[in-house]
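Keep the structure open beside you as you read.

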Amino acid sequence: MIDAFSSIEDLGRALRAKEVSAVELARFYIERLAKYGDRLGAVVTITRDRAMAEAEAADRALASGDNRPLLGIPYGVKDLLATKGIPTTWGAEPYRNQVFDYDATVVERLTNAGAVLVAKLAMVELAGGFGYNNADASFTGPGRTPWNTGFWSGGSSSGPGAAVAAALVPFAIGSETSGSILTPAAFSGITGLRPTYGAVSRHGAMALCWTLDKIGPMARSAADCNTVFGAIVGEDPRDPTTARVFPSGRANWVASSVMARAANQRKARIGLVKGSWDHVQPAVRDNFLASVEVLRAQGHTLSEVTYPDLPYGPTISLIVDAEGASAFEDILQDGRAKQLRAVADRTGGFASAATLAIDYLRAQRVRAKIRQALLRLFEEVDLVVSPTRATVAYPVGPNFDEVYRDFRSGPAVIPSMNLLGAPCVALPNGFGENGLPTSIQLNAAPAHDTLAVNVAIHYQSATRHHLAKPAGF
Amino acid sequence: MPSRRTFAKSLLAAGAALPLAEALAQCPPPYAQHLTPAELERIVADVQEVAPQLDAFRRFPLSNSDAPDFV
């Protein structure tokens, strides 16, 4: 009997003990994807043939004594990663029949690690680059969180969030430009790792914004995210940012089993962002403060930090607008942008195309100031911590700006840390309104992914939020 | 010759003051040909909504030596 919610480590142990074969495991998760995928709006394509071939290869490797941690482990990828011969839709009607003849580097690396691709997972069209304002922003419909399917699973990695939370896959690969791993991790009650910009190759990934896009793992625990991260981090000549920004990413990686040892627990100076829990939903605040006490009890040094007052919002908006309009120039020029699902997306790209070059360059110049200010903050503290989102998941139906009007995040931690290129782990830390999960985010300085993961792994060793299972799945 | 620049200028002008009909008339292909008057109106409204923030952003102090950071 397979527990769908098992960790990667436990599934690997079962495979090596021959309690289950890789083929059986792949079939098991494919059945779950087929059974629940549509209900959650989580799946674009089940990659059955490829999965069976990879699982059979994994069984042969297991029989020869191969013990790589991801060998035979099924997974899904956000449908913006190229997969040879399988549609890669970018969540958008204009690209619905797009097929590449190669695998993205991340997929290639997971294949080389012995993992088994079982699904291409749903996403907000074009990763949200044209300004969607509603959960129904993909040709597959809205992603739904399994904790309460009347609510959104978050975006733009909506399918990875829902699929991991409902244990349709043990782990998934998402991407973030500004919040697209953290938000679905928060709204779906799972763990998400946004790596340092440049840590993971984007070759074969849809580009929304070249100077902000990042690829990262989403799983139920920080330990699992780190195991996957170990397989995908590192230089790739096909993505020059991996060599330029974070060349030591692979060398710095530490196995989860090593990091989890009590003796290897790192003590951090944690900065709690002032104002980040003052105007959030009551349960978000209460769960955040309870999480803070766990961190305090684990020996971290906590203090409140004042966030630099800089124009994060306009800066990131102008950068995403300009780069996004350029990245999708083809569908703006021929008008296919009008086929997009969300009403706001049908005109948003045209408005973005009106961004002036001088404004874009100004934004990248202001970004340099922002990076300097945030790096100074990281001289005072090792981690910058706040609630991941001010509220639980948005309901499916109304526009985002029509709900939760009484609540706000305070300092713009997610956009600013994305402008910095900083790594972050988002962790579930309880539940709030309508039985929906809440989350805490741990941001580290660029290239210090391992510190954020270390603190997250030990936080989860002292809590059980990440082990909760949604009913009915 | 119609260009993105004239399109951008027309939208920004529309966001500032220009009447919608005039803005529409100024919007050239390849972009504006795909937009209905209602859609253009929505874009103009969006531009108008963010205009104060954009103005403030343009006043953020920068010196000649402040180079862009593309990461």
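Helix H14 (residues 343-352) of chain A has 7 of its 10 residues buried, so it is largely enclosed by the rest of the structure. Here a residue is buried if 20 or more other C-beta atoms, placed from the backbone, lie within 10 Å of its own, exposed if 12 or fewer do, and partly exposed in between. Helices are DSSP runs of H or I with at least four residues, strands are runs of E with at least two, and both are numbered from the N terminus. This is a predicted model, in which local features need pLDDT of at least 70 and side-chain atom pairs count only at pLDDT 80 or more, while totals for chains, interfaces and linings use all residues. Residues are numbered from 1 along each chain as its sequence is written, and chains are lettered from A and ligands numbered from 1 in the order in which they are written.

Which residues of H14(A) are the buried ones? They are Asp345(A), Thr347(A), Gly348(A), Gly349(A), Phe350(A), Ala351(A) and Ser352(A). These buried residues pack against H12 and helix H13 (329-333) of chain A, together with H3 of chain B.

Let's follow H12(A) next. Helix H12 (residues 312-327) of chain A packs with helix H15 (residues 357-380) of chain A at an angle of about 135°, their axes 9 Å apart. Axes are lines fitted to C-alpha atoms, for helices over the stretch in contact, and angles run from 0 to 180 degrees between N-to-C directions. H12(A) and H15(A) are therefore oblique to each other; angles under 35 degrees count as roughly parallel, over 145 as roughly antiparallel, 65 to 115 as roughly perpendicular and the rest as oblique. From H12(A), the contact uses Tyr312(A), Thr315(A), Leu318(A), Ile319(A) and Ala322(A). Among the residues that H15(A) brings are Tyr360(A), Ala363(A) and Arg367(A). Two residues are in contact if their C-beta atoms, placed from the backbone, lie within 7 Å.

Now for H3(B) and the meeting of the two chains. The contact takes 26 residues from chain B and 24 residues from chain A. On the chain B side, the elements that give two or more residues are helix H1 (4-16) and helix H3 (37-58). H3(B) gives the most, with 9 residues.

Finally, step back to chain A as a whole. Chain A has 17 helices and 11 strands, and buried residues make up 60% of its 473 residues.
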